[in-house]
Amino acid sequence: MRRPELIRAKRGRVLRLIFYAAILQIAIWPQVLHAATSADIETPAATITGSTQALLGSEIQIYSIELDAGTNNPFSNNVWIGKYNAVALGGSPLALDIYLGEFTGSVFDATDISELKLYRSTDAVFDLGDTYITNTTVINEDLAPFDSGVDVTSFDMSTADPSLDASRKLPYEDLVPSSVWFIATAVISPTATEGHTFRVGVAANHLGVYDTPPLGTGENNAIGGAVVQMQGNHIVIAADTPLLASGVRSGGGGGIGIPFGGEPVMMVLLLCTGLYMIYRTSG
């Protein structure tokens with residue numbers, strides 16, 4: 001073979017190798033890009049701690065978690081909480097799965113809670129500045145910390161609702177804001193039974209996220225560590241009646257307090273009595 005023909009043959013083999021390598025790269029690129037980022041947990045999931053009292057008709061925080069979407073670069077994924085179109089890995093949540101269980105020795109009914117609400121927040125504390133995302137109704141659970149999953153209460157985001165995208169999307173950790181909190185609350189029914197008590201917990205992989213790479217299709221994943229329901233961490237439903245100055249709830253026994261507003265009068269009486277006693281003893 002003459003030299004020009006040999007050169008052309010070698011050049012052809014090199015070009016074929018480059019072509020095959022490009023095809024392979026295109027085939028695996030979406031998977032590589034998808035693996036580049038995902039939802040990062042900045043602050044692990046937490047539920048209620050200690051014994052908390054919730055008045056009839058009130059809204060009380062029961063869950064929080066802080067997330068981001070990793071670093072921002074051309075290969076980063078866009079990440080949302082919740083999954084789209086119910087395409088999911090086996091058993092992964094539609095958005096957020098929460099367990100509500102009875103406090104041992106007490107009672108809890110699903111009707112004690114009107115609804116659960118999910119919010120986007122800039123911090124770990126529920127307040128008026130938080131952005132409402134969605135809600136769900138409650139499914140009752142028995143005393144077991146976690147069972148087969150039949151009694152889990154789920155926030156469902158299986159439908160691609162564009163109006164929720166801004167609230168569901170996670171920020172990148174190198175931008176401002178660098179993270180976002182998601183908070184769940186319980187709205188106590190105005191007709192709940194006073195004294196009913198419940199606990200809150202979440203299983204491992206209780207939070208669903210949806211990752212979309214620059215190329216290729218999105219993928220649903222489940223993240224989040226378990227928070228087991230504990231006897232010491234519970235919410236007691238209390239009657240919505242005025243508190244007295246002594247801190248004793250009216251009708252609850254334990255003594256009678258002085259209503260708010262009487263303190264100035266008492267202070268004047270005590271002051272006058274003291275001045276009078278000083279006048280008498282000084283004479």
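View 1. The model shown here is predicted. Most peptide bonds are trans.

**View 2. Asn205 has a positive phi.** The residue is Asn205, in the loop between β10 and β11. Its phi is near 60°, and Asn205 is not a glycine. Most residues other than glycine have a negative phi. Is Asn205 buried, exposed or partly exposed? Asn205 is partly exposed, because its relative accessible area is 43%, between the 20% and 50% cut-offs.

**View 3. Trp80 and Tyr210 form a tilted aromatic pair.** The structure holds four aromatic pairs. In this one, the Trp80 and Tyr210 rings are 6.3 Å apart, centre to centre. Their planes make an angle of 40°. Trp80 belongs to strand β4, residues 78-81. Tyr210 belongs to strand β11, residues 207-212. The pair therefore ties together parts that are 130 residues apart in sequence. Both Trp80 and Tyr210 are buried.

**View 4. Phe108 pairs with Phe198.** This aromatic pair is also tilted. The centres of Phe108 and Phe198 lie 4.9 Å apart, with 35° between the planes. Phe108 counts as buried because its relative accessibility is 0%. Phe198 is buried as well, with a relative accessible area of 0%.

**View 5. Tyr119, Phe126 and Tyr132 gather in an aromatic cluster.**

View 6. The structure holds two salt bridges. Asp165 is partly exposed, with a relative accessible area of 24%. Arg168 counts as buried, because its relative accessibility is 1%.

**View 7. Glu115 meets Lys117 in a salt bridge.** The contact is between the side chains of Glu115 and Lys117. The N to O distance is 3.8 Å. Is Glu115 buried or exposed? Glu115 has a relative accessible area of 19%. The cut-off for buried is under 20%, so Glu115 is buried.

**View 8. Four acidic residues form a negative surface patch.** Asp40, Glu42, Glu173 and Asp174 make up the patch. One of them, Asp40, is found in strand β1, residues 40-47. Asp40 counts as partly exposed, because its relative accessibility is 31%.

**View 9. Asn220 and Val79 lie 9.7 Å apart, C-alpha to C-alpha.** Asn220 is in strand β12, which covers residues 219-223. Asn220 counts as buried, because its relative accessibility is 5%. How many residues separate Asn220 and Val79 along the chain? They are 141 residues apart along the chain.

**View 10. Gly195 and Ala238 are 6.0 Å apart in space, C-alpha to C-alpha.** Gly195 is found in the loop between β9 and β10. Its relative accessibility is 33%, so Gly195 counts as partly exposed. In sequence, Gly195 and Ala238 are 43 residues apart.

**View 11. Thr71 and Pro171 are 100 residues apart in sequence.** Thr71 lies in the loop between β3 and β4. Strand β3 covers residues 59-68. Thr71 is partly exposed, with a relative accessible area of 35%. The C-alpha atoms of Thr71 and Pro171 are 9.1 Å apart in space.

Conventions. Residues numbered from 1 in each chain as written. Predicted model: local features only at pLDDT ≥ 70, side-chain atom pairs only at ≥ 80, totals over all residues. Heavy atoms only, no water. Helix = DSSP H or I, 4+ residues; strand = E, 2+ residues; numbered from the N terminus. Buried < 20%, exposed > 50% of the residue type's maximum accessible area, 1.4 Å probe, protein only. Patch = residues over 30% accessible without salt bridge, like charges linked within 9 Å, V, L, I, M, F, W, Y side chains within 5 Å. Areas by Shrake-Rupley, 256 points an atom, 1.4 Å probe, with all protein chains shown as cover. Lys, Arg positive; Asp, Glu negative; His and termini not counted. Charge placed at Lys NZ, Arg CZ, Asp CG, Glu CD. Phe/Tyr/Trp six-rings, centres within 6.5 Å; stacked < 30°, edge-to-face > 60°.
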